[in-house]
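Here are my notes on the model you sent over. Have the viewer open while you read, and take the points one at a time.

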Amino acid sequence: MAFNLPDLPYPHDALEPVIDAQTMQLHHGKHHQTYVTNLNNAIEGLDVPNDIERLIADIGAIPEAKRTAVRNNGGGHANHSLFWQLMAPKGKGGGGAPSGDLAAAIDSTFGSLEKFKETFTTAALTRFGSGWAWLVVDGGTLKVGSTANQDSPLMGQAVAGLGGRPILGLDVWEHAYYLNYQNRRPDYVKAWWDVVNWDKVADLFTQART
Ligand code: MN3
């Protein structure tokens, strides 16, 4: 049993100018591939779930000698596999605003879409060093937070400092934006809203509540 690198759901240059083609090539083909390779090395000989989300949700079941490697690389595989799906080319599924139940839940939880974006942006900008900003469904409620390194909310509050089903996530590791934005993480986060695939977020919201 081995995990595989998923194909991107769009060409490498599809998210330009928000995310440049070279960043996508390196981020998907090198960084994500390395998480997959290192995860497969770490689980060799272990009896683990073949579903990456189930695997990292029960990270405590991994033998201690392998747990950090599985946490980092399994988290990296899960987070990036989700991240690619959460984006779409600007104007072709990317950007705009959520609708339906998700829009209503964002409004009632955060006050408005703009207030939600402010809260999420603060989480992304205050995550020191490498990590992720998240919108999660936790106990039926929307929450914003962040995790360090490749920790996932699926690992739970006790492990990751944030628990729940992730429905939107933003990679704020420098490898995600440095070629295009250098040190300007705020510019990357601001531009990123133009490629958010709200239909996918809405699907995940529906799944997380059922
Ligand atoms: Mn990354």
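Before we start, a word on naming: helices (H or I, at least four residues) and strands (E, at least two) are DSSP runs, numbered from the N terminus. With that, "the segment before helix H1 (21–43)" is a place you can find, and Pro17 sits in it. Also keep in mind that this is a predicted model.

1. Start with the overall layout. The protein chain has nine helices and three strands. Going along the sequence, the pattern reads α-α-α-α-α-β-β-α-β-α-α-α.

2. Now the overall size. The C-alpha atoms fill a box of roughly 50 × 40 × 30 Å along the principal axes. For 210 residues, a compact globule would have a radius of gyration near 17 Å, and the 16 Å of this chain agrees with that. Of the 210 residues, 50% count as buried. Take the contacts between residues at least 6 apart in sequence: 68% of them join residues at least 24 apart.

3. Next, the metal. Which residues coordinate the manganese ion? They are His27 (NE2), His80 (NE2), Asp171 (OD) and His175 (NE2), at 1.9 to 2.1 Å. Along the chain, these donors follow the spacing H-x52-H-x90-D-x3-H. His80 belongs to helix H3 (residues 64–85), while His175 is in the loop between strand E3 (165–171) and helix H7 (178–181), so this pair ties together parts that are 95 residues apart in sequence.

4. Stay with those two histidines for a moment. Are they buried or exposed? His80 has a relative accessible area of 0%, so it is buried. His175 has 18%, and because buried means under 20%, His175 is buried too.

5. Have a look at how helix H4 (residues 100–110) meets helix H9 (residues 198–209). Their axes are 8 Å apart and they pack at an angle of about 80°, which means H4 is roughly perpendicular to H9. On the H4 side, the contact uses Asp101, Leu102, Ala105 and Ile106; on the H9 side, it uses Trp198, Val201, Ala202, Phe205 and Arg209. Sorted by type, the residues of this contact are seven nonpolar, no polar and two charged.

6. Asp151 deserves a click. You'll find it in the loop between strand E2 (141–148) and helix H6 (157–160). Its relative accessible area is 6%, so Asp151 is buried. Leaving aside residues up to four places away in sequence, Asp151 touches Arg71, Asn79, Trp134, Val159 and Ala160.

7. Finally, some backbone geometry to check. Most residues other than glycine have a negative phi, and most peptide bonds are trans. Here, the peptide bond from Glu16 to Pro17 is cis, with omega near 0°. Asn149 is not a glycine, yet it has a positive phi of about 55°. Asn149 lies in the loop between E2 and H6 and is partly exposed, with a relative accessible area of 41%. Gln182 has a positive phi as well, near 50°. Look for Gln182 in the loop between H7 and helix H8 (185–192); with a relative accessible area of 32%, Gln182 is partly exposed.

Definitions and conventions: Residues numbered from 1 in each chain as written. Predicted model: local features only at pLDDT ≥ 70, side-chain atom pairs only at ≥ 80, totals over all residues. Heavy atoms only, no water. Axes fitted to C-alpha atoms, helices over the stretch in contact; angles between N-to-C directions. Parallel < 35°, antiparallel > 145°, perpendicular 65-115°, else oblique. Contact = heavy atoms within 4.5 Å. Nonpolar A, V, L, I, M, F, W, Y, C, P; charged D, E, K, R; others polar. Buried < 20%, exposed > 50% of the residue type's maximum accessible area, 1.4 Å probe, protein only. Donors = N, O, S within 2.8 Å, 3.2 Å for Na, K, Ca; no water. Rg over C-alpha atoms; globule rule 2.2 N^0.38 Å.
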